[in-house]
Amino acid sequence: MPEEKGALGYGVLSDSFGFLLRLAQLRSFAEFYADMGPEDIRPGEMTMLFVLAENPGVRQGVLAKALQIKRAHMTKMVHGMEAEGLLERTVPQDDKRSVELWLTDMGRARIDTVRPVFVRHEARDVPGLESAEVAELKRLLRRYVGIDPEEK
């Protein structure tokens with residue numbers, strides 16, 4: 001029985017888009033935690049902070065839909081981040097059922113702390129890929145998920 005990494009046969013899965021994305025996600029998260037570990041931040045929390053910085057006052061439902069986070073999980077994340085003092089919620093005058101999300105000074109400070117570490121993490125070499133291949137893979141993934149290539 002093969003025990004080395006990559007020594008298993010995957011059959012039809014070796015050409016499965018979803019399977020390959022999942023393995024890539026697991027590897028990416030492992031590298032994220034290795035690099036970002038000292039910052040004590042999870043990928044979801046960092047994503048929320050960065051997106052809120054770009055979209056102050058975004059409605060919670062709009063953010064949940066854009067990030068494809070289930071309503072209950074989004075509520076839990078928001079309450080946790082609010083309790084940590086990273087964001088605040090407001091109810092807009094035009095729709096009392098909605099909630100707008102805003103970074104606090106503490107949230108902006110948290111971004112200022114983790115951004116340089118994240119930028120270094122993202123600038124590292126990706127084992128097994130040339131830099132042009134990484135750029136092309138990112139371009140294709142942005143296209144696949146519908147993110148404007150000019151958006152940075």
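User: What are the ground rules for numbering, confidence and atoms?

Analyst: Residues are numbered from 1 along each chain as its sequence is written, and side-chain values use heavy atoms, with hydrogens and water left out. The model is predicted: local features need pLDDT of at least 70, side-chain atom pairs count only at pLDDT 80 or more, and totals for chains, interfaces and linings use all residues.

User: Why is leucine 137 called partly exposed?

Analyst: Its relative accessible area is 42%. Buried means under 20%, exposed over 50%, and partly exposed in between. Areas come from the Shrake-Rupley method with a 1.4 Å probe, and for residues only the protein chains shown count as cover. The 42% of leucine 137 falls in between, so the label is partly exposed.

User: Which residues make the nonpolar surface patch?

Analyst: Phe17, Leu21, Leu129, Leu137, Leu141, Tyr144, Val145 and Ile147 make a patch of about 720 Å². Patch residues have over 30% relative accessible area and no salt bridge; nonpolar side chains (Val, Leu, Ile, Met, Phe, Trp, Tyr) are joined within 5 Å, like charges within 9 Å. A salt bridge is a side-chain nitrogen of Lys or Arg within 4 Å of a carboxyl oxygen of Asp or Glu.

User: Which element gives the most to the nonpolar patch?

Analyst: H6, with four residues. Leucine 137 has its place in this helix. Helices are DSSP runs (H or I, at least four residues), strands likewise (E, at least two), numbered from the N terminus.

User: What makes E1 and E2 edge strands?

Analyst: Strand E1 (58-59) and strand E2 (87-90) each pair on one side only. The open sheet has the order E1-E3-E2, with antiparallel pairing. Strands pair if DSSP finds at least two bridges between them. Four bridges join E2 to E3 (residues 100-103), so this pair qualifies.

User: How does helix H2 sit against the sheet?

Analyst: H2 (residues 43-54) packs on the sheet and touches E1, E2 and E3. Contact means heavy atoms within 4.5 Å. The direction of H2 makes about 95 degrees with that of E3. Axes are lines fitted to C-alpha atoms, for helices over the stretch in contact; angles run from 0 to 180 degrees between N-to-C directions.

User: Why are aspartate 40 and glutamine 68 called exposed?

Analyst: Aspartate 40 has a relative accessible area of 63%, and glutamine 68 has 73%. Both values are over the cut-off, so both residues are exposed. Aspartate 40 lies in the loop between H1 and H2; glutamine 68 is in the loop between H3 and H4.

Key. Buried means under 20% relative accessible area, exposed over 50%, partly exposed in between (1.4 Å probe, protein chains only).
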